Amino acid sequence: MTPTVILTILIIYFGVLIGISHFVSRKDSSNAAFFSANKNAKWYLVAFGMIGTALSGVTFISVPGEVGSPGGEQFKYFQFVLGNAVGFIVTATVLLPLYYRLSLVSIYEYFEKRLGFYSYKTAAAIFLVSRTIGSAFRLYLVVIVFQRFVFDAFGIPFAVTGLISLALIYAYTYKSGLKAIIITDTLQTFFLVSSVILTIVFICHSLDLNAIEAFETVKNSSYSKIFFWEDFVGNRFHFIKQFLGGMFVTIAMTGLDQDLMQKNLSCSNIKDAQKNMFTFTGIFVLINIFFLGVGALLYIYADANGVEVPLDFVTGKPRTDLLFPEIAFHHLALFPAVVFLLGLIAATFATTDSALTALTTSFCIDFLGMDKPENANNPKNVTTRKMIHLIFCFVMFGVIVVFNAINDASVVSMIFKIASYTYGPLLGLFTFGMFFKNRKVHDKWVPFICISSPFITLYLSNHSVTLFNGYVFDNELIIINGFITLVLLLVISFKNKKHLSE
């Protein structure tokens, strides 16, 4: 597949998305459509579209790549996925009923009613920072692929590639936001799911394996170990660490995150929203099994055909993130390469478009108060919203450029590591708000606590071997961060006899 062919497919793909967006928004580009899809989204469309939002290009490339990484990760990621599934169930049964009962547009409005002004603004600010960084990292991974396999051939620098990617997303989201995204993400998720299934078929065909033979080959390979029970203290892959980390990262990054919750809150009632979450959870687990299978088959294919893991241009070290695109573009036929490309585009942009919409929504609601009765009918609101949307595109672009200059780690590991620090305070805030209803806090101290707890967590993580007799943290670090935040909130709390009844 040549760079020109890839570029042509990109142009056609985004032309279709922009056309869909124009059709959806031709009669309604209001803030109600942008923020909540007018509260009439179909739950099955939301459930299917959320697959693309939750998986992203990270799952598409990094998860298969890490199966054969030098660190011996194999299928350890599935332990994390099992924790994810429990986290989704907790979100559906505990958090969604709360959000619907309070009729929230931004989920952080809860803190204004429960804890106070500063707690509310702090929670919203944590989301803005966390989601901007996380989404920029996800987009960065795919920009690297586009750069290496397409735009380098045309002499276009990395920064311009990143800017073009964000400009295309802006083009089909700025008018009607969530209303358009629910439709476009359904299409993109179809491409993603089709891509991973067809990729397995193509690689099996190349290896001359049928479905049963492929399963046995993966099962008997050196890549298929799922559960790691050895050395709880020193092994970061241990099942308990991965499972608990997956559970609480999901509660924080999904249940306490405006992005994915915004889609759930677009359903007309709580029952539809919960049906969406339960359906999504089942599909999510199944798709991740397929991605891990793809990873094992990629390394088996590479071993059989003498394909080396591509080297990072900056560090000169093997970069497992690039093995999937290397095989798809340079070693398989044209059609499999096209299928891979469509899946990669869909996985990445279904995540980023949703994130940009959620960032814009949170800022407009939480900091500009566009949902307040005194501001709701301001004729400048739509223009202001579009400007905020554009500003977040440039902010994300800046993060991508900075990350490109300093990154030397696998993106999938980096995203969840960052999430442990940025989402931990949200976990602590929500835990306090929901389970200590007879207590209030000295509201002005909350921002300082939410800034301090990640630094305390970082110190504990860096010195855990010394402080905790050789213990090594992984994704469960978010639990420590949330617990520290909760303890500090309890320290500055006091009894409130007239507590808000939830």
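Q: What makes the second largest pocket a pocket, and how much space lies in it?
A: About 500 Å³ of space lies there. On a 1 Å grid over the protein atoms alone, a pocket is an open set of points with protein on both sides within 12 Å along at least five of seven lines. The volume is the space filled by probe spheres (1.4 Å) set on the points. This is a predicted model: local features need pLDDT of at least 70, side-chain atom pairs count only at pLDDT 80 or more, and totals for chains, interfaces and linings use all residues. Residues are numbered from 1 along each chain, and side-chain values use heavy atoms, without hydrogens and water.

Q: Which residues line the second largest pocket, and which helices supply them?
A: Lining residues have an atom within 4 Å of a point. There are 21, and Phe215, Val218, Ile289, Phe290 and Gly293 are the closest to the centre. α8 (177-206), α9 (211-219) and α12 (270-305) each supply at least two residues. Helices here are DSSP runs (H or I, at least four residues), numbered from the N terminus.

Q: How does the lining of the second largest pocket divide by residue class?
A: It has 16 nonpolar, four polar and one charged. Ala, Val, Leu, Ile, Met, Phe, Trp, Tyr, Cys and Pro count as nonpolar, Asp, Glu, Lys and Arg as charged, and the others, Gly among them, as polar.

Q: Why is α12 called oblique to α13?
A: α12 and α13 (residues 323-330) pack at about 60°, with axes 10 Å apart. Angles under 35 degrees count as roughly parallel, over 145 as roughly antiparallel, 65 to 115 as roughly perpendicular and the rest as oblique. The angle therefore makes α12 oblique to α13.

Q: Which residues make the contact of α12 with α13?
A: Val294, Leu298, Tyr299, Tyr301 and Ala302 of α12 meet Leu323, Phe324 and Ile327 of α13. Contact means heavy atoms within 4.5 Å. Eight of these residues are nonpolar, none polar and none charged.

Q: What is the phi of aspartate 231, and where is this residue found?
A: Aspartate 231 has a positive phi of about 55° although it is not a glycine. Most residues other than glycine have a negative phi. Aspartate 231 is found in the loop between α9 and α10 (239-255).

Definitions and conventions. Axes fitted to C-alpha atoms, helices over the stretch in contact; angles between N-to-C directions.
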